[in-house]
Amino acid sequence: MVDAPTSPAAAQSLLLKTQYIKDLSFENPRAPEIFQALKQAPQVTVNIDVTAKPLSQADDYEVVLAINAEAKTDDQVVFVVELTYAAVFQLSGVARESLQPILLIEVPRLIFPFARNVVADVTRDSGFPPLLIQPIDFVALYRQKFESPAGGQP
């Protein structure tokens, strides 16, 4: 009988335990007049933030993806979407120096399509065309947040 080779990489695992909406807000302050007055597509600003924290269960982490989108036309708010989307992941066998990049780059890459879908659905269900957020460069977001001179911790 031959033993299977064991390596540190083989012992690593990333397991999605659950994902969920923590908070969702949609504001349409000019309804119903906006639907008659809107002649052109509004300018949309999207801000993304990612945070992570350990949970009481060993190796479990909550990763939170916050998406805030505001649509304006002629300096008037058309709509505001605020979504806090989260997931609980279990990471085991991960080196300490790899933990933060996995939690703040790889995990958001996995849950982003689901959060993007929630934003698209809520804008569509509110009478507007679906807001399709472009793919996010989570590596750049991570670098901007944590590799700057004033960088922080998750």
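Two residues are in contact when they have heavy atoms within 4.5 Å of each other. Keep that in mind for Ile 67: leaving aside neighbours within four places in sequence, its contacts include Val 46, Ile 48, Val 81, Leu 83, Phe 112 and Ile 133. You're looking at a predicted model, where local features need pLDDT of at least 70, side-chain atom pairs count only at pLDDT 80 or more, and totals for chains, interfaces and linings use all residues. Residues are numbered from 1 along each chain as its sequence is written, and side-chain values use heavy atoms, with hydrogens and water left out.

**The overall layout**
- The protein chain has 3 helices and 4 strands; these are DSSP runs numbered from the N terminus, with helices being H or I of at least four residues and strands being E of at least two.
- Of the 154 residues in the protein chain, 31% are buried (buried means under 20% relative accessible area, exposed over 50%, partly exposed in between, using a 1.4 Å probe and protein chains only).
- Take the contacts between residues at least 6 apart in sequence: 68% of them join residues at least 24 apart.

**The nonpolar core**
- A nonpolar core is a set of buried Ala, Val, Leu, Ile, Met, Phe, Trp, Tyr and Cys residues joined through side-chain atoms within 4.5 Å.
- The largest one here has 36 residues, and Leu 65, Ile 67, Leu 103 and Phe 138 touch the most other members.
- Strand 2, strand 3, strand 4 (76-92), helix 2 and helix 3 each give two or more residues to this core, with helix 2 supplying the largest share, 11 residues.

**Helix 3**
- Helix 3 (residues 138-146) has Phe 138, Leu 141, Tyr 142 and Phe 146 as its buried residues.
- Looking down the helix axis, those buried residues fall within an arc of 100°, so they line one face of the helix (the arc is that of the directions from the helix axis to the C-beta atoms).
- They pack against strand 2 (43-54), strand 3 (60-73) and helix 2 (96-125).
- On the face turned away from the buried side, you'll find the exposed residues Arg 143 and Gln 144.

**Thr 123**
- Thr 123 sits in helix 2, and it counts as buried because its relative accessibility is 0%.
- Not counting residues up to four places away in sequence, Thr 123 touches several residues, among them Phe 26, Phe 79, Phe 128 and Pro 130.
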